[in-house]
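Subject: Structure handover

Hello,

Here is the structure I said I would pass on. Please open it first; my notes on what was found follow below.

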Amino acid sequence: MRQETLSEEALTRAAVSRFDFEQLAIVPVLAVVVAMILGGGVMLATGVTVPMIGQAYLALFDGSFGSLAAVSETLTAAAPVTLAALGIALGFRAGLFNIGAEGQMIVGGLAAVTAGFSFHGLPLVVHLPLALLAGMLAGAIWAAVPGWLKAATGAHEVITTIMLNLIAVQLTSFLLRNPPLQKPGRHDPISASVLPSAQLPKLLTWIDPGLRLNAGIIITVLMVILVYWLLFRTTLGFEFRASGLNPPAARYAGMRSGLIIVVVMAIAGALAGLAGANQVLGVLGRASPGFTGGAGFNAIAVALLGRSHPVGVLLAGILFGALDAGGRQMQVMAGVRIDLIAIIQSLIIVFVAAPLLMRAAFPWAFGFNARRQGGR
Amino acid sequence: MDIELRGITKRFGSLVANDAINLKIRAGEVLGLLGENGAGKTTLMNTLSGLYRPDEGTIVIDGKETRFEGAGDAIRAGIGMVHQQFMLVPVFTVAENVVLGVEPTGRFDHLDLAKARQQVKAISAEHGLDVDPDAVIEEVPVGIQQRVEIIKVLFRSADVLIFDEPTSVLAPQEVTEFFGIVRSLRDAGKALVFITHKLHEVLEVADRINVLRAGKVVGERDPKSATEAELAEMMVGRAVRFQVEKVPAHPGRPLLETSNLAALDEREEIAVDGVDLAVREGEVVGVAGVQGNGQTELVEALTGLRPPVRGTVSLLGQDITRASARERHRLGIAHIPEDRQRAGMIGEFDIAENMVLDSYYDEPYSHGMIMDWAAVHNVCVKNVIDFDVRTPSIYSLADHLSGGNQQKLIVARELSRDVKLVIAAQPTRGLDVGSIEYIHKRIIAARDAGVGVLIVSTELDEILALSDRILVMFRGRIAGAFAAGEASLSEIGLAMAGATA
């Protein structure tokens, strides 16, 4: 009898603690709010009048969530940044700071576009997965290299992934100016077009042919679920998290750290490669310099904002997609330069990275802990 | 300087860490503050050193009521604390560390290191604290680092020195030297507070002992007349057995055998130097020795965490010299690691995750690569109850457990599965009397069930209490072997000091 009560008690999950709630919900929300307010300050300082600021933010909202077309644009922009951020979040969980999502996206996109225009006569169900896989594989290899360098030689992944980003950019210019990637008959760096059989199907053209939302968003959601499952339901995820939190304990438990580093990087690279493939197969239909739109770098911010949790990453990715889509509307409707969006995005990251700053600025939002004088 | 604490009460949420505590600290006297982990000792001293503000009660210094608004106030009032974890800059010299924050400066804010060096020398000479002011902190042993902490406090002209578990990081001979320092400071008229849970230490060095239990002072004793058993009972709240009850061992087949085993340390120097040892089924072999004589490296070589450079290791006749940590684990070797916080558990993992930290990849905890959390949770609940891990839930983070319960968690993980050999390094370091008693009982129970046990400990009392055979390690070699009954303390002590006949 005593045994049974004890087991029941021990199996009771405590409610989410106030501290966790503050860290996961209040800090990011406040960060967004404060960034918007300071963004208003920047507009004021650059000579935008107060009514115009109000109009700008209205346009920002209208362009991101105000209509079906706006939502379509938001989700279209959210997909690649979320996919790449999932890979970065996975790295964070395993204690790796992968700055290389941009480079991994680029090689993934190039591989996908190559597969996308090379095979004629394949049905969509074969050609599209093939092109997506090509992108994932290229990204995985591109990321596994710094993983292997770290495992084998101790080279820090921040340095090596940055270097591989630069190499990837130069590789793009080279490949897009030469056959077989360059579009025949063109002299500027642009790839041949992806065949219809390798394009991600548009989802909403039956409502309005202008809606760009494509099947990439479905892939993204599937990947969010997959990464969640991997992290929290598999032995591999257990090893990733253990290695990230306490490497000596992971070693003690018999986990092979070198292998784990390479595997994490490869999976992260595959996700970034998929993000690149999503861009070329779903949105652009071809590759050109800068086709990633810097999503690989924004993804670092998204992974941070999402607290390296797959669901958090999805929410943060949608926020960044909304800022992107809404920012374009803002520029058109209110005449405020889209650079403001970059400022707001950066401010959000500063505030998320500095929870103590948020706590000092808004003591009323942090009830219990703030009054406890520094804890026990 | 005399200090009186009157009715100090400190609450954290619903937890009352200090409950109306009255305490007197007098100049020229060592007050021993005894209590189990979580009894409220550290909270009380943090209140005294200005880090916490008490919810009720007052601090009276030399008859005057005083309020501290922060640590600065306490330091100005002459109260200095030597923390359990040293707060030193590893790459700075002794002198630089001592003056950090209150640097002597010359014109144009020029840092006067020559003066700092002189002041450090003066303080060390005055109190017999022998240190080289130009030595770099990371290159000196912990015993010296502790002296630097003491000099730091004296440099800020403290009259009251609080030591929080000062001996937990020290080797036995360093403890003796440390006690010498404590006595000389007392004789110089300083008031000292010595916080510990080690009974023989307070009996040896304190002039007066206060015992804390569950946030309350449960009594005051005179060390001249008090006994360890009496103090332990006051601390724990019930009678404590110091003698581990055990029947004579019935050793079976040889289990673990090493031959001419050698391993290197981090600096690539030889740390284990030709060790031959054997552990049989159903016996406890204790490895005694002063910290840093190759015990850490020996344990790592035996558990597969450090590749040997020479020699062999075998288990039941099977050569496992090149086997990985995981292979050895699967062969039935359990490892209770020396540094539980760093290697034995993951603080940000919950108790259930820690319970399967080294067996998650096997049935029933996972099938293929899919974790079966329901199975993990069931086994975890059973182990938590079996091994008396005190926690509100198996979903609590390991970081939130007390040290004793963290160690019980690790012991539960390692002993609950089907093991042949247990290698336990410092299994009770830093734990309270109750937890030590419990863990010792489980280790003897494992032995009686036919498991071979290798205990590596710097606590000679622990080795003597548990072992059927005792080996002494000195400079990487086995410097002496004794059967449990016939070993005298002085013989073992001599072997530990390297004086082999």
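This is a predicted model: local features need pLDDT of at least 70, side-chain atom pairs count only at pLDDT 80 or more; totals for chains, interfaces and linings use all residues.

I start with a single residue in chain B.

As for where D265(B) sits, it belongs to the loop that runs between β11 (254-264) and β12 (270-280) of chain B. Leaving aside residues up to four places away in sequence, D265(B) touches A271(B) and E297(B). T296(B) is 31 residues from D265(B) along the chain, and the C-alpha atoms of the two are separated by 8.9 Å.

Next, the sheet in chain B. Its six strands form an open sheet with mixed pairing, in the order β6-β7-β8-β3-β9-β10. At the edges are β6 (79-82) and β10 (216-221) of chain B, each of which pairs on one side only. From one strand to the next, the twist averages 20°. Helix α8 (residues 228-236) of chain B packs on this sheet, where it touches β3 (29-35), β9 (208-213) and β10 of chain B. The direction of α8 makes about 30° with that of β9(B).

Within the sheet, β7 (residues 160-164) and β8 (residues 191-196) of chain B run parallel and are joined by five bridges. If you want to look at one bridge, D164(B) has I195(B) in β8(B) as its partner.

In chain A, have a look at helix α14 (residues 339-353). It has 15 residues and spans 21 Å from its first C-alpha to its last, close to the 21 Å expected at 1.5 Å a residue. Which residues of α14(A) are buried? They are L340(A), I341(A), I344(A), Q345(A), I348(A), F351(A) and V352(A). These residues lie on the same side of α14(A), because they cover an arc of only 140° around the axis. On the other side of α14(A), D339(A) and S346(A) are exposed.

Last, the contact between the chains. Chain A gives 24 residues to it and chain B gives 30 residues. On the side of chain A that touches chain B, α1 (2-11), α9 (235-245) and α10 (247-252) of chain A each supply at least two residues. By class, that side of chain A has twelve nonpolar, eight polar and four charged residues.

Regards

Conventions:
Residues are numbered from 1 along each chain as its sequence is written. Chains are lettered from A and ligands numbered from 1 in the order in which they are written. Helices (H or I, at least four residues) and strands (E, at least two) are DSSP runs, numbered from the N terminus. The expected span of a helix is 1.5 Å times one less than its number of residues. A residue is buried if 20 or more other C-beta atoms lie within 10 Å of its own, exposed if 12 or fewer, and partly exposed in between; C-beta atoms are placed from the backbone. The arc is that of the directions from the helix axis to the C-beta atoms. Two residues are in contact if their C-beta atoms, placed from the backbone, lie within 7 Å. Ala, Val, Leu, Ile, Met, Phe, Trp, Tyr, Cys and Pro count as nonpolar, Asp, Glu, Lys and Arg as charged, and the others, Gly among them, as polar. Two strands pair if DSSP finds at least two bridges between them. Axes are lines fitted to C-alpha atoms, for helices over the stretch in contact, and angles run from 0 to 180 degrees between N-to-C directions.
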